[in-house]
Amino acid sequence: GEKINVRVDGSLIFNTVPPQIDAALAGLGVVLLPEDDLQSYLESGQLVRVLEDWCPVFEGYHLYYPSRRQPSPAFSLVV
């Protein structure tokens, strides 16, 4: 319940997911990735959730395929 300010020197930049997970497991910082990528680490206790109130559940993407050759104007607008 108390406010804490922390200055962080340096940063890590990654292009792919596996090194991000390795860095989090090594205790180098916090990682923000989809839960599916971290599920086994969370279940085993190797990683823990932080700031859970700011991470709403994402229902995922949904795909829509029109049944006709000519899509509706609404579908065309979205695409």
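**Close-up views of the helices and loops**

**View 1. Leucine 51 is exposed, with a relative accessible area of 55%.** Exposed means over 50% relative accessible area, buried under 20%, and partly exposed in between (1.4 Å probe, protein chains only). This is a predicted model, where local features need pLDDT of at least 70 and side-chain atom pairs count only at pLDDT 80 or more, while totals for chains, interfaces and linings use all residues. Residues are numbered from 1 along each chain as its sequence is written, and side-chain values use heavy atoms, leaving out hydrogens and water. You will find leucine 51 in the loop between helix 2 and helix 3 (73-78); helices here are DSSP runs of H or I, at least four residues, numbered from the N terminus. Although leucine 51 is not a glycine, its phi is positive, at about 55°. Most residues other than glycine have a negative phi.

**View 2. Helix 1 (residues 17-25) has the buried residues Gln20, Ile21, Ala23 and Ala24.** Seen down the axis of helix 1, these residues fall within an arc of 160° (taken from the directions from the helix axis to the C-beta atoms), so they line one face of the helix. They pack against helix 2 (35-44). Just after helix 1 comes glycine 27, with a positive phi of about 80°.

**View 3. Helix 1 and helix 2 cross at roughly 30°, and their axes come within 11 Å.** The axes are lines fitted to C-alpha atoms over the stretch in contact, with angles from 0 to 180 degrees between N-to-C directions. That crossing makes helix 1 roughly parallel to helix 2 (angles under 35 degrees count as roughly parallel). The crossing is right-handed, meaning that the near helix is turned clockwise from the far one by less than a right angle. Look for Val17, Ile21 and Leu25 of helix 1, which meet Asp37, Leu38 and Tyr41 of helix 2; contact means heavy atoms within 4.5 Å. By class, this contact has five nonpolar, no polar and one charged residues (Ala, Val, Leu, Ile, Met, Phe, Trp, Tyr, Cys and Pro count as nonpolar, Asp, Glu, Lys and Arg as charged, and the others, Gly among them, as polar).

**View 4. Asparagine 15 sits in the segment before helix 1.** Its relative accessibility is 79%, and asparagine 15 counts as exposed. From C-alpha to C-alpha, asparagine 15 and glutamate 2 are 35 Å apart in space, and they are 13 residues apart in sequence.

**View 5. Serine 72 belongs to the loop between helix 2 and helix 3.** Serine 72 counts as partly exposed, at 36% relative accessibility.

Notes:
Helices (H or I, at least four residues) and strands (E, at least two) are DSSP runs, numbered from the N terminus. Angles under 35 degrees count as roughly parallel, over 145 as roughly antiparallel, 65 to 115 as roughly perpendicular and the rest as oblique.
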